Amino acid sequence: MQRLSSRISRTIAYTAKNLFGNHLPAHSSSKCFFSALSFGASVHRLPKVEIPDEFLKWGSLGFCRTSRFATGFAPLQPKPLDSIIDVERVKDRSPEEIASIWDDYHLGRGHIGASMKAKLYHLLEHRAESCRYFVIPLWRGSGYTTMFAQVQMPHMIFTGLEDYKARGTQAAPYMTVSFYKEFAESKDLVLIRGDVVFTSKLSDSEAKWLLETAQSFYLSDVRYKLVERFNKETRDFEFKDVLQALDMPIL
């Protein structure tokens, strides 16, 4: 499915319980098609995890939150597709052309452009209805940062788990993702846009990997079992299984 990070040889033990603490449970040829934008030790079994009400509230606010976060940053409003792309002008293009234009436009802008087949989108949407939360390790050199994801289609929210543990509802998303379904029926194409909110915390390449990896856990039958376990059978969930699925060392 999506390309994952390369195998890392070092292995040391990691305590999954410490992962959660008490806070666990969101080119030039293409320019003519787009509107001008303003961007603003050992592994233990986990006890049953309850996703706290304050996180549910934080997640449901998504991109539309108007109050400012603890960092003083106000998240971007979600952009309708017709404010980004000239829908009328591209509607007669092939799905491949539209996807290529979309991807090229987002290169180097601090945003991620991607696309997927409508069938896969509907599968992702269906599976996220009952399994909205997951944890993904983001590898950085000699260790990893654990990201906490909320999937509430047509949006995804990613933030650092440690930031959430420290700030609760005042923790700002590192990246927000929107799925655009305007071409789903006519072109069998869903466009995806990821906005990196904090470039100091997440690079474009990391954001792209994070998005691809999150999708792989929801779209792969084998990996989705871990998502289900995290959301529905928490006592049987072990973080080391996620690390093993990604060929990462158990720290």
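Buried, in this talk, means under 20% relative accessible area, with exposed over 50% and partly exposed in between, using a 1.4 Å probe and protein chains only. Helices (H or I, at least four residues) and strands (E, at least two) are DSSP runs, numbered from the N terminus.

Before going on, the model is predicted, so to speak of local features we need pLDDT of at least 70, side-chain atom pairs count only at pLDDT 80 or more, and totals for chains, interfaces and linings use all residues. Residues are numbered from 1 along each chain as its sequence is written, and side-chain values use heavy atoms, with hydrogens and water left out.

Strand 3 has two partners to look at. With strand 2, residues 133-140, there are 8 antiparallel bridges, and Phe134 has Ala149 of strand 3 as its bridge partner. The hairpin of these two strands has 2 residues between them, and Gly141 takes a positive phi near 70 degrees there. With strand 4, residues 155-160, strand 3 pairs antiparallel over 6 bridges. Met147 stands opposite Gly160 of strand 4, and this hairpin also has 2 residues between its strands.

At strand 1, 6 bridges join it to strand 6, residues 190-196, antiparallel. Met116 stands opposite Val190 in strand 6.

Next, helix 9, residues 204-219. Its 16 residues should span 22 Å at 1.5 Å a residue, and the end C-alpha atoms are 22 Å apart, which agrees; the expected span is 1.5 Å times one less than the number of residues. Of those 16 residues, 12 are buried, including Trp209, Leu210 and Phe217.

How does helix 9 pack on helix 10, residues 221-232, and at what angle? The angle is about 95 degrees, with the axes 5 Å apart. Axes are lines fitted to C-alpha atoms, for helices over the stretch in contact, and angles run from 0 to 180 degrees between N-to-C directions. Contact, meaning heavy atoms within 4.5 Å, involves Phe217 and Tyr218 of helix 9 and Tyr224 and Leu226 of helix 10, among others.

Conventions: Pairing = 2+ DSSP bridges.
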